[in-house]
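Trainee: I'd like to learn how to read a model like this one, feature by feature. Could you take me through it?

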Amino acid sequence: MWYVLQRVGYALLVIFLASLVTFAALRVAPGDAITSMLNPSTTPAEVIAEYRDRLGLDLPIWEQYLRYVGGLLTGDFGISLIDRQPVIEIVLNGALATVILAVAAFIVAFGIGVPAGVLAALHKDSPFDRIVRAIGSFFNSVPNFVLALILVLVFAVQLRWLPVSGTGSWKNLILPTLILAADPCALTMRVTRTSVLEQSGADFTRTLRARGIPTRRVNWVHILRNSLNSVVSLGAVQIRTLLGYTLIVEVIFRWPGLGSQLVQSILNRDYPVASALALLLAVVVVIASALGDLVLRWVDPRIRVSTGGGR
Amino acid sequence: MARAARRPFVPRYLGVSVLLWGLLAIFGLLAVVGWIVLMVPSLSTVWTDQSLRSTFLPPFSEGYLLGTDNLGRNFAWRLTAGIGVSVFVGVLVAVISVVLGLVIGIFAGYFGRAADAGTNVVIDVTWAFPEILLAIVLAGVLGPGLEAVILALSLTGWAAFARIVRGEVLSLRERDYVAASRVLGYSKVTVSVRHLLPNLLPITMVMAVYFMAVAIVAEAGLSFLGLGAQPPTPSLGGILAQGRDYLNSSWWPVVLAGGALSIMVLVLNYVSDGLRDHLDPRRGVRR
């Protein structure tokens, strides 16, 4: 329990510091909110002063930060400088689209990666193993936006089987999901394979076999369970990479998620939106890595012992 | 099963096969090309000269080995210049991240618990932002451009390496010769430079090459989004972004630039793995 509290506390500390970073980025960015909203040469000085006052731009910096955090905590993320919508609405709209894409990619990556890794390990050096590994290292080296463009060229432009970009039908989800899943899938497969290979030589495996437990059960229950901890810790790291690349893939497929919005808002210099989105993504990464640690501890009792403290 | 020692097929230098050094040298050359592209604007007509009478010429057209793009620019030159710029950025980012990672990692691992805890928090905050995200934010703050990309990628790259260096230092500092130097009265800084750094050199080389691959991909991605190199500066990401708009009429910009990018990453990964196997005897034995 103590460890859980410690881990959560640490995650909160990192989130706090990350909010300082996004706040600072918001402040350092050239041109403040006023100059993007009002034209200084045609707006009367009193109006500008009133806006400065309303947005709290004349307050001391720490008070501005407190207001910023207070706003975040109460769900008030500010207002977009471009279309004057509350940032929270923009964020919620985008989050749904991104979550759909990320979850689909995650399911594909683990759904294919784990079984393929186990099979490759069980049939080590077989043609299946070789092919799977070759495909894996291919996906590992081809940057996914390049893969995206090539697949678009083949399946959307040449063969016309799938739409080039946009939303609206399940067909729009296929290409982005596959592309996002490619790299994590390859990595998951490799880690699963290595870790299953390690476990299948372990003493407990031999004992289980000697006790007459069916091979299938030993392979898919006992070995797999013991191999999963490296896959789980990998999962937490992958959320980070996956989110990073979702940004680009969303832009390529004009998928209306957080990534497209982030890039759009940066190019439009719409700082409140950009900073809210950046912080949100950072929070997701921090939570994922904390959850990863906690799940790992729950799955693998050995870690509980080494990090101290009871359950 | 004892494995018979393999006899090296290729000659070696410093224990590393000449093939790897050769590949590294090629990348060095490409980086010089990139430096020239960025620093000598008077040459730029070679890859920016437009000719609207000869747009979308396919590869192997007369006078244009790799054809032309949507503005009739010689694609072979554009691709070469773009590859150079990418590699130049990659080398710069790799060097900066590695130096930062070494300094901060040694600091964390060798200069007491407070230093360790402090750097740990900084690393975790840096890690909270995926590289691409931080680069996008920085590009927003600094304005799009290669400078923003280089800064952003260096600022994120060091964190992973600092963690590795810290781990290595934790084991190195227990060695007898390190303790002996301290007993002889050398300062921690001297010990770091004399004993820790040389021992960290192999892993540094491996990671530098790896960072180059990561940086090259990230730079291309950011330029693809329009946040990196601004036209007319040639860059692989920019070529891909432009090629994407004209996929219907010309496939070669996307395929060739994407292919070049993938091959570079493949080669760098290969070199990085090779260096690891040769330089670090503990990891030399593969399953």
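This is a predicted model: local features need pLDDT of at least 70, side-chain atom pairs count only at pLDDT 80 or more; totals for chains, interfaces and linings use all residues.

Mentor: Happy to. Chain A has a mean pLDDT of 79, and 87% of its residues reach 70 or more.

Trainee: Which elements of chain A have the lowest and the highest mean pLDDT?

Mentor: The lowest mean belongs to helix α2 (residues 33-37) of chain A, at 61, and the highest to helix α5 (residues 87-122) of chain A, at 86.

Trainee: And what is the mean pLDDT of chain B?

Mentor: For chain B the mean is 79, with 82% of its residues at 70 or more. Confidence there is highest in helix α3 (residues 75-110) of chain B, at a mean of 89, and lowest in helix α11 (residues 281-284) of chain B, at 50. Over residues 283-287 of chain B the pLDDT falls below 50, and this stretch has 3 contacts in the model beyond near neighbours in sequence. For the complex, the predictor gives an ipTM of 0.73 and a pTM of 0.79.

Trainee: Next, the fold. How many helices and strands does chain A have?

Mentor: Chain A has 13 helices and 0 strands. Chain B has 11 helices and 2 strands, and its pattern along the sequence is β-β-α-α-α-α-α-α-α-α-α-α-α.

Trainee: How do I read packing from percentages?

Mentor: Look at burial and at the sequence separation of the contacts. In chain A, 37% of the 311 residues count as buried, and in chain B, 47% of the 287 residues do. Taking contacts with a separation of 6 or more, residues 24 or more positions apart supply 71% of them in chain A and 66% in chain B.

Trainee: Can we try burial on single residues? Is Val141(B) buried or exposed?

Mentor: Count the C-beta atoms around the residue; 20 or more others within 10 Å means buried. Val141(B), in helix α5 of chain B, has 20 other C-beta atoms within 10 Å, so Val141(B) is buried. Now compare Asn172(A), which lies in helix α8 (residues 171-200) of chain A. Asn172(A) has 18 other C-beta atoms within 10 Å and is therefore partly exposed.

Trainee: Now helix pairs. At what angle do α10(A) and α11(A) cross?

Mentor: For any pair, read the axis distance and the crossing angle together. The axes of helix α10 (residues 215-252) and helix α11 (residues 258-267) of chain A come within 7 Å and cross at roughly 85 degrees. That angle makes α10(A) roughly perpendicular to α11(A). On the α10(A) side the contact uses Thr246(A), Leu247(A), Glu250(A) and Val251(A), and these meet Gly259(A), Ser260(A), Leu262(A) and Val263(A) of α11(A). By type, the residues of this contact are 4 nonpolar, 3 polar and 1 charged.

Trainee: What about a pair across the two chains, α10(A) and α5(B): how do their axes cross?

Mentor: Their axes come within 7 Å and cross at roughly 60 degrees, so α10(A) and α5(B) are oblique to each other. Gly244(A), Tyr245(A), Leu247(A) and Ile248(A) of α10(A) make the contact with Glu131(B), Ile132(B), Leu133(B) and Ile136(B) of α5(B). Here the division is 6 nonpolar, 1 polar and 1 charged.

Trainee: How many residues are in contact between the chains as a whole?

Mentor: On chain B there are 34, in contact with 36 residues of chain A. The elements of chain B giving two or more residues to this side are α4 (113-128), α5 (131-142), α8 (188-225), α9 (236-245) and α10 (252-279). The chain B side divides into 24 nonpolar, 7 polar and 3 charged residues.

Trainee: Last one: which residues have the most contacts inside the largest nonpolar core?

Mentor: Ala135(B) and Ile136(B), in a core of 163 residues. Helix α8(B) gives the most to this core, with 22 residues.

How values were computed:
Residues are numbered from 1 along each chain as its sequence is written. Chains are lettered from A and ligands numbered from 1 in the order in which they are written. Helices (H or I, at least four residues) and strands (E, at least two) are DSSP runs, numbered from the N terminus. A residue is buried if 20 or more other C-beta atoms lie within 10 Å of its own, exposed if 12 or fewer, and partly exposed in between; C-beta atoms are placed from the backbone. Two residues are in contact if their C-beta atoms, placed from the backbone, lie within 7 Å. Ala, Val, Leu, Ile, Met, Phe, Trp, Tyr, Cys and Pro count as nonpolar, Asp, Glu, Lys and Arg as charged, and the others, Gly among them, as polar. Axes are lines fitted to C-alpha atoms, for helices over the stretch in contact, and angles run from 0 to 180 degrees between N-to-C directions. Angles under 35 degrees count as roughly parallel, over 145 as roughly antiparallel, 65 to 115 as roughly perpendicular and the rest as oblique. pLDDT is the predictor's confidence in each residue, from 0 to 100. A nonpolar core is a set of buried Ala, Val, Leu, Ile, Met, Phe, Trp, Tyr and Cys residues joined through C-beta atoms within 7 Å.
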